[in-house]
Amino acid sequence: MSVDDSRPIWIQLVDTFSHNIVTGKWPAGSQIPSVRELAIDAGVNPNTIQRSLSQLDTAGLTVTERTQGRFVTSDLQKIARKRSELAARATSSHIATMVSLGIGPDEAIELIREGWKNLSTHKGS
């Protein structure tokens, strides 16, 4: 994980873990790695991991079974809502960047089409 010094690490971890859930890296209903494992992988204090996971619990993306560990929610609608939220945030960031560069909607859309086409071409190789 690359750390962005402008944002607290625990918030960055919430974003990373949310991404793992919405992309299926951590599938719905699956058990997620332990706090200890995640702390070692991320190179952070277990308390930081716990704070991030507590936020996912609050958001309803994970559930804790006291004797069995923590699991990704089986509620696919919650996961879909989070995916939409992350996509909207990325879109807003992209639009702000395009505006700051003086690029209008038509040119931005064309750049997205080109980028999408290039990405699709490279994935097939």
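**Reading a helix and a buried lysine**

Analyst: Let's start with K82, which is found in helix α4; helices here are DSSP runs of H or I, at least four residues, and strands are runs of E, at least two, numbered from the N terminus. This is a predicted model, where local features need pLDDT of at least 70, side-chain atom pairs count only at pLDDT 80 or more, and totals for chains, interfaces and linings use all residues. Residues are numbered from 1 along each chain as its sequence is written, and side-chain values use heavy atoms, with hydrogens and water left out.

User: Is K82 buried or exposed?

Analyst: Buried means under 20% relative accessible area, exposed over 50%, and partly exposed in between (1.4 Å probe, protein chains only). K82 counts as buried because its relative accessibility is 13%.

User: Which residues is K82 in contact with, leaving aside its neighbours within four places in sequence?

Analyst: Contact means heavy atoms within 4.5 Å. For K82, that gives S18, V22, L61 and R89.

User: How many residues of α1 are buried?

Analyst: Ten of its 14, so α1 is mostly covered. S18 and V22 are among them. The buried residues of α1 pack against α2 (35-42), α3 (46-59), β1 (62-65), β2 (69-72) and α4 (76-100).

User: What span should α1 have?

Analyst: The expected span is 1.5 Å times one less than the number of residues. For the 14 residues of α1 (residues 9-22) that comes to 20 Å, and the end C-alpha atoms are 20 Å apart, which agrees. Just after α1, G24 takes a positive phi of about 85 degrees.
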